[in-house]
Amino acid sequence: MISEAPPFWWRKADWRAWMLAPLSFLYGRVAGYRMAHARRASVSVPVICVGNFTVGGAGKTPTALTIARAAKAKGLKPGFLSRGYGGSLDVTTVVDPHHHRAVAVGDEPLLLAQEALTVISRRRVDGAKRLVAEGADLIIMDDGFQSARLAIDYALLVIDATRGLGNGHIVPAGPVRAPIRQQLRSATALLKVGGGHAADRIVRMAARAAKPYFTASLKVRGDDRLAGIRVLAFAGIADPGKFFRTVESRGAEITVAKTFGDHEHLTEEEIGDILTTAERQDLLIVTTSKDFVRLAGHHGKAAELAQKCRVIEVDMVFDDHLAPSLIIDRAIVACRERRLREMKAGNP
């Protein structure tokens with residue numbers, strides 16, 4: 001899967017998108033066929049998949065965290081399932097946030113593991129089985145909607161209201177992962193994040209397909225106001241602009257903004273440049289949770305940067321505060337129905 005989305009994907013389709021359209025057609029046919037015909041393995045507990053239509057960030061990880069907190073409030077033991085993108089480990093592993101580093105397990109799994117039991121696995125079926133063995137009674141799958149070979153009981157697709165579907169084309173001409181209609185057929189519901197209008201068309205399509213949708217927004221945790229403070233903001237995420245807008249919404253003046261590749265581990269030279277620039281211009285250094293965990297556990301300049309960073313933490317807040325609980329309840333019902341069908345088919 002492509003992790004670095006070209007900027008032209010997020011603008012109106014131009015000659016590059018149309019030039020790549022034949023490849024997108026082939027990619028879409030293969031992706032759509034696999035989604036429609038893939039044999040999916042089953043586990044004994046409910047599986048909620050938090051995915052999105054496109055390559056790049058839409059808010060999947062904070063959504064997964066919100067659902068996990070709702071599950072724990074209901075007395076459940078949720079477990080996160082991640083592929084561990086960006087990490088070097090290629091074996092099924094229970095993530096220990098006090099032991100593992102992002103370079104081994106990936107940045108998102110480290111964040112998830114701070115909240116609940118987390119397993120990474122290149123083969124999600126193996127990871128799901130490991131979660132069940134570890135005592136999880138609800139699996140929350142971070143991404144994998146289009147590709148996982150695991151039976152899903154509730155598929156929640158997150159879409160950013162500002163970016164929407166970008167230019168609307170399928171990879172490699174655009175950011176869309178598979179034909180939209182096929183994705184909608186496999187989805188249970190949509191989550192529209194933010195107050196923009198770029199997602200309105202897909203919301204209308206979902207409504208015509210009788211798919212419910214929820215609305216939510218990213219809120220800065222706590223009352224960490226930065227009014228009048230000059231900052232150096234850096235981010236290596238799919239949409240750095242969203243982070244910079246969040247920092248400015250707290251009243252900060254971004255004097256220097258540095259962007260890096262999604263999931264990118266900073267070099268010593270890059271870290272040194274951030275530290276030197278901030279010191280020379282007397283700037284507060286601010287960054288995201290994902291960027292911060294990539295610094296954790298290191299020594300030298302990385303440890304110095306981690307110590308000097310102020311992390312801007314955000315939570316996914318549903319407009320309907322009961323929505324996460326409702327999603328969990330419906331996943332539980334769908335799991336029971338799935339298990340009954342399997343028993344009647346002689347496949348308990």
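Tutor: This is a predicted model. Start at Gly 57, in the loop between strand E1 (47-52) and helix H3 (60-73).
Student: Is Gly 57 buried, exposed or partly exposed?
Tutor: Gly 57 has a relative accessible area of 31%.
Student: What does Gly 57 contact, leaving aside neighbours within four places in sequence?
Tutor: Arg 163 and Ala 238.
Student: And where does Gly 59 sit?
Tutor: Gly 59 is in the loop between E1 and H3 too.
Student: Buried or exposed, that Gly 59?
Tutor: Buried, because its relative accessibility is 12% and the cut-off is under 20%.
Student: Which residues does Gly 59 touch, beyond four places in sequence?
Tutor: Val 158 and Met 316.
Student: Where does UniProt put the "binding site"?
Tutor: The unreviewed entry lists Thr 54, Val 55, Gly 56, Gly 57, Ala 58, Gly 59, Lys 60 and Thr 61.
Student: Which of these are in the lining of the largest cavity?
Tutor: That lining includes Thr 54, Gly 56, Gly 57 and Ala 58.
Student: New topic: helices. How do the axes of H10 and H12 cross?
Tutor: H10 covers residues 268-281 and H12 covers 301-308. Their axes come within 9 Å and cross at roughly 40 degrees. H10 and H12 are therefore oblique to each other.
Student: Left-handed or right-handed crossing?
Tutor: Left-handed.
Student: Which residues meet there?
Tutor: From H10, they include Glu 268, Ile 271 and Leu 275. From H12, they include Lys 301, Leu 305 and Lys 308.

Conventions:
Residues are numbered from 1 along each chain as its sequence is written. This is a predicted model: local features need pLDDT of at least 70, side-chain atom pairs count only at pLDDT 80 or more; totals for chains, interfaces and linings use all residues. Side-chain values use heavy atoms; hydrogens and water are left out. UniProt positions are given in the numbering used here, feature names are shortened, and annotations may be inferred rather than shown by experiment. On a 1 Å grid over the protein atoms alone, a cavity is a set of points where a 1.4 Å probe fits but cannot get out, and a pocket is an open set with protein on both sides within 12 Å along at least five of seven lines; lining residues have an atom within 4 Å of a point. Helices (H or I, at least four residues) and strands (E, at least two) are DSSP runs, numbered from the N terminus. Buried means under 20% relative accessible area, exposed over 50%, partly exposed in between (1.4 Å probe, protein chains only). Contact means heavy atoms within 4.5 Å. Axes are lines fitted to C-alpha atoms, for helices over the stretch in contact, and angles run from 0 to 180 degrees between N-to-C directions. Angles under 35 degrees count as roughly parallel, over 145 as roughly antiparallel, 65 to 115 as roughly perpendicular and the rest as oblique. A crossing is left-handed if the near helix is turned anticlockwise from the far one by less than a right angle, and right-handed if clockwise.
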